[in-house]
Amino acid sequence: MKISIIGIGYVGLVSSCAFAHSGYEVLGVEKDIEKLELLKQGICPVCEEGLGNLLNQGRRRGLLSFTDDLSQIKNSDIVFVTVGTPSLTSGQVDLSQVYEVVNQVAGIMVSPSILVMKSTVPPGSGEILKKRYLRKANAPISYVSNPEFLREGKALWDWYHPDRIVIGGENERSIKLVSDLYSDINAPVVTMDITSAEMTKYASNAFLATKISFINEIANLCELVGANIDNVAQAVGMDKRIGGEFLKAGIGYGGSCFPKDTKGLNYISSFKGYNFNLLKAVIEVNYYQRINAVRKIQKALGDLNGKKIAVLGLSFKPGTDDIRESPSLDIITLLLTEGAIVSTYDPLAIKKSNKILPHQVKVFDDIYKCIKNTNAILLATEWPEFQHLNWVEIKRNMQPPYVILDGRNMFNKEQLHNVGFHYLGIGR
Ligand code: UGA
């Protein structure tokens, strides 16, 4: 069985390495020449635990190779599409890369094959792709939707331990062949039509985002009524019908998925004439959490003009250098607009951030230098290393009024109070 994977971004690379690990012959197609060179040398271009090992193992076994020449896929049995589907400013999903690739694949294949869409595409896209491109293909191409549910930083774990594998298609044989690719994984395979599979991906991410915005609203309310979100979220999550995950209050969700997918689903709803009020609120609440963090700091410091603030954490979550849609970037912009002097530190994401942070922001590779002479610290990403800071030393190097806004509720409030900090959490 020959598999081709087009677009060796995050999902494409995980899929390529994992299928090669399962014994399939995999050809990865990537047009970014710099990235391609890294891959050919066995250097993993993304920061993902265990992926470098699988990459090299696959190459050594002769099962995994990479090219920028799309025509080499022509004899593949199964072609996965894993190209990017970014957001346009309207919230609409930009499908230009998907269209281009599927159009090209239709002209390249020389024998019957299956095209599997793993890129996140809005419900209805598969039907459009079939009509627009696949019907005119050189050789018969059967279309299957197989959305991914991989978290960054835990992608390999999620690949091998999924809650379910979703396969949407209209041809029984194609569905069977695609589901057989996952036969070494112990998980239920849920089969359905193409549009339902596409919708499953969006509904899953939108629901998880809803949980986060919901708990953030409860946290905001906790502050007003004098309740503690830690206790509330724990007890609420113990109800099996609700579940304890994605109930961590904070400055909101970021990353390349939730913001894009919630906006994309909202767009498609409007486009179809449906007003998805709940989803709109989820998106709005998520942005409000960022403003709220700045508002809280301002309340504690007074006028922010000229105040020195250290923002700890730039990546959208710990364990990754990915800064896409990271709450800390918006917060930094809001702080600068209010006239604050901002310094920042992140264990992994400095290199990526340097390219996009406003020039006024001072970026440090040492946390103690970053906080020196600041009036306040804003914790934006809950990196484990922040758990073991020497708070006495930190306070000695700061200036009054020693404010800490714990945007991820990771610190021990009493401990920081005892050291003499003015501690602010989210709903605590
Ligand atoms: C997310 C989903 O979890 C994956 O299932 C999905 O496959 C992926 O998107 C995708 O669509 O490709 P990911 O973006 O890697 O994965 O990150 P998550 O671990 O889900 O976290 C997303 C954001 O939510 C982070 O900014 C995190 O800090 C925030 N979050 C998460 C909270 O604020 N509170 C929580 O309780 C959980």
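Q: Let's start with strand 10: is it mostly covered or mostly exposed, and how many of its residues are buried?
A: Keeping in mind that this is a predicted model, strand 10, which spans residues 341-345, is mostly covered, with 4 of its 5 residues buried.

Q: And how does strand 9 pair with strand 10?
A: Strand 9, made of residues 308-312, pairs with strand 10 in the parallel sense, and 5 bridges link the two. Within that pairing, Lys308 has Ile341 of strand 10 as its bridge partner.

Q: What sheet do those two belong to, and in what order do the strands come?
A: They sit in an open sheet of 6 strands, arranged in the order 11-10-9-12-13-14, with parallel pairing. Strand 11 (362-364) and strand 14 (422-424) are at the edges and have a single partner strand each, so one side of each lacks a neighbour in the sheet. On average, neighbouring strands of this sheet are turned by 20° against each other, with direction ignored.

Q: What holds strand 13 to strand 14?
A: Strand 13, residues 403-406, runs parallel to strand 14 and is joined to it by 3 bridges; there, Leu405 stands opposite Leu424 of strand 14. As background, strands of a sheet pair through backbone hydrogen bonds, in either a parallel or an antiparallel way.

Q: Switching to the sheet with 8 strands, what is the order there, and what is the pairing?
A: That one is also an open sheet, its 8 strands follow the order 3-2-1-4-5-6-7-8, and the pairing is mixed. Its edge strands are strand 3 (64-67) and strand 8 (189-192), each of which pairs on one side only. Between neighbouring strands the average turn is 25°, again ignoring direction.

Q: Which helix packs on that sheet, and which strands are touched?
A: Helix 4, residues 96-108, packs on the sheet and touches strand 1, strand 4 (78-81), strand 5 (113-117) and strand 6 (141-145), while its direction makes about 175° with that of strand 5.

Q: How many bridges join strand 1 to strand 2?
A: There are 5 bridges between strand 1 (residues 2-6) and strand 2 (residues 25-29), and the two run parallel. Ile6, for instance, has Val29 in strand 2 as its bridge partner.

Q: Now the surface: which residues make the nonpolar patch?
A: Leu221, Leu224 and Val225 make a nonpolar surface patch of about 340 Å². Of these, Leu221 lies in helix 8, which covers residues 194-225.

Q: Is Leu221 buried or partly exposed?
A: Leu221 is partly exposed, because its relative accessible area is 46%, and the partly exposed class lies between under 20% for buried and over 50% for exposed.

Key
Residues numbered from 1 in each chain as written. Predicted model: local features only at pLDDT ≥ 70, side-chain atom pairs only at ≥ 80, totals over all residues. Heavy atoms only, no water. Pairing = 2+ DSSP bridges. Axes fitted to C-alpha atoms, helices over the stretch in contact; angles between N-to-C directions. Contact = heavy atoms within 4.5 Å. Patch = residues over 30% accessible without salt bridge, like charges linked within 9 Å, V, L, I, M, F, W, Y side chains within 5 Å. Areas by Shrake-Rupley, 256 points an atom, 1.4 Å probe, with all protein chains shown as cover. Salt bridge = Lys/Arg side-chain N within 4 Å of Asp/Glu carboxyl O. Buried < 20%, exposed > 50% of the residue type's maximum accessible area, 1.4 Å probe, protein only.
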